Amino acid sequence: MEYQKAAELNGLCNGKILTVDSKKVAVQHKNEISRKEAEDESRLPALEAAYTTILRGLGENTDRQGLLKTPLRAAKAMQFLTKGYHETIYDVLNDAIFDEDHEELVIVKDIDMFSLCEHHLVPFFGKVHIGYLPSKKVVGLSKLARIVEIYSRRLQVQERLTKQIAMAISEALQPVSVAVVIEAAHMCMVMRGVQKMNSRTVTSAMLGVFREDPKAREEFLALTKGAQ
Amino acid sequence: MERSKQKQMNQNENETDSVINGHFDGRMKIPGWSAGGAAGNPSTVPSSSVMESWREERTRSLEDNEMSLPSIAAAYTTILRGLGEDPQRQGLLKTPWRAATAMQFFTKGYQEKIIDVLNDAIFDEDHDEMVIVKDIDMFSMCEHHLVPIFGRVHIGYLPNKRVLGLSKLARIVEIYSRRLQVQERLTKQIAVAITEALQPAGVGVVIEATHMCMVMRGVQKMNSKTVTSTMLGVFREDPKTRDEFLTLIRS
């Protein structure tokens with residue numbers, strides 16, 4: 001049961017219709033269940049045991065000094081890297097939406113993002129650029145970065161991450177349009193497999209006017225490319 | 001009294017430590033390769049027990065990998081459940097196997113021995129100027145958090161009638177970095193391996209790396225880099241040689 005909710009949590013964007021026109025309240029934010037911190041503590045022993053098995057399976061000696069506490073540290077590190085399951089958008093955004101008579105582009109760019117590839121459990125990291133055209137409501141700027149944190153600290157696929165961020169902003173603010181661009185390096189491609197050091201993956205999600213009007217999109221892209 | 005107790009403690013510690021990665025803590029020295037080597041001075045190699053044996057037994061084989069894959073994959077399934085994810089959802093169905101294979105790849109340094117890689121590529125050349133191979137990309141795993149470390153390795157050595165194939169320096173880096181590592185130990189292992197192979201007049205190794213355990217978690221300092229270096233032989237004693245090496249790797 002729990003697993004299903006977590007799956008919904010991360011799979012929130014699968015099969016959703018992308019529209020910014022709906023005036024419905026962000027009801028599903030209230031329904032998101034967050035992984036509680038006490039749960040984390042109670043799950044630690046199982047994670048530790050799993051990591052000990054992994055270390056032994058790799059041929060290492062788990063009793064040597066450097067590895068003695070590694071299962072515990074690795075388990076805690078993994079829980080930190082997936083702490084996005086703990087948090088809901090509702091908690092983070094609820095207070096920081098303000099009524100402003102501003103209808104020009106607002107961009108927050110170069111937000112450092114660190115996530116875990118759900119296929120190999122290896123990090124991928126890069127920068128997120130977010131832009132939106134407000135419709136009488138603006139959001140506190142750090143909240144955009146917090147939304148990135150919530151969705152990136154999970155087992156992710158870059159395409160889904162981009163979409164989730166765009167959808168969260170569009171549902172919270174009902175802006176005229178939202179654009180999210182993520183440029184990331186995937187360690188699963190750099191450290192193993194094809195081993196292409198300098199490759200970068202770029203994904204974008206454009207909702208509303210950014211999708212329909214090429215000039216608006218151009219403006220956003222020009223402003224995020226400049227002065228890098 | 002105290003000193004002999006200390007020595008005994010050290011020995012015991014070294015015995016328990018002398019496994020795969022900590023092999024250089026063991027005291028195996030090969031009869032043919034003396035510490036002084038052709039350079040003739042005892043400080044070519046550090047006097048502490050930092051000697052990696054060339055004749056070490058291979059600790060992992062391809063068959064070992066295959067045999068342990070199911071148990072590692074099962075451990076990853078447990079981890080996915082422990083994090084609250086659903087291992088049955090489409091994106092995660094084969095993740096335990098992929099993650100297990102990836103982890104085995106990241107620790108493939110345990111499968112390889114220096115002696116296999118280097119044995120043929122040592123040549124007699126009458127060259128006694130510095131040879132540097134720099135900007136060797138390095139990827140390793142932090143042994144404390146099992147999170148990647150990546151950066152660049154710069155290696156320089158002063159040959160003493162014997163030179164090494166250049167790519168072999170990069171291969172030495174690969175063997176030692178594809179393990180559960182600590183950056184300090186990695187630097188030293190590379191330097192010691194080159195020293196044992198060639199008996200050069202001196203070796204210098206500098207590693208500059210980013211530790212994801214510091215960047216992605218913990219203190220979360222994005223731009224921090226850790227630099228470690230090991231200077232052996234002439235590089236350690238002669239400041240001018242060291243300067244030349246450090247200048248050349250900066251340029």
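Two rings of Phe, Tyr or Trp count as an aromatic pair if their centres lie within 6.5 Å. In this predicted model, six such pairs occur over all chains.

**Aromatic pairs**

Two of the pairs are set out below.

| Pair | Centre to centre | Angle between planes | Type |
|---|---|---|---|
| A:Phe125 and B:Phe150 | 5.7 Å | 5° | stacked |
| B:Phe235 and B:Phe245 | 5.3 Å | 90° | edge-to-face |

A:Phe125 belongs to strand β3 (residues 123-133) of chain A and B:Phe150 to strand β3 of chain B, so this pair joins two chains. Both A:Phe125 and B:Phe150 are buried. Together with A:Phe114 and B:Phe139, these residues make up one aromatic cluster.

B:Phe235 is in helix α8 (residues 234-237) of chain B and B:Phe245 in helix α9 (residues 239-250) of chain B, so the pair ties together parts that are ten residues apart in sequence. Both B:Phe235 and B:Phe245 are buried.

**Charges over rings**

In chain A, A:Lys83 lies over the face of A:Phe80, 5.2 Å from the ring centre. In chain B, the charged end of B:Lys108 sits over the ring of B:Phe105, at 5.2 Å from its centre.

**Strands of chain B**

Strand β2 (residues 131-142) of chain B pairs with strand β3 (residues 148-158) of chain B in the antiparallel sense, over nine bridges. Within β3(B), B:Gly156 stands opposite B:Ile132. The two strands, β2(B) and β3(B), form a hairpin with five residues between them. In the turn, B:Leu146 has a positive phi of about 60°.

β2(B) is also joined by two bridges to strand β5 (residues 180-181) of chain B, and these strands run parallel. B:Gln181 in β5(B) is the bridge partner of B:Cys142.

Technical notes. Residues numbered from 1 in each chain as written. Chains lettered and ligands numbered in written order. Predicted model: local features only at pLDDT ≥ 70, side-chain atom pairs only at ≥ 80, totals over all residues. Heavy atoms only, no water. Pairing = 2+ DSSP bridges. Helix = DSSP H or I, 4+ residues; strand = E, 2+ residues; numbered from the N terminus. Phe/Tyr/Trp six-rings, centres within 6.5 Å; stacked < 30°, edge-to-face > 60°. Buried < 20%, exposed > 50% of the residue type's maximum accessible area, 1.4 Å probe, protein only. Lys NZ or Arg CZ within 6 Å of the ring centre and 35° of its normal.
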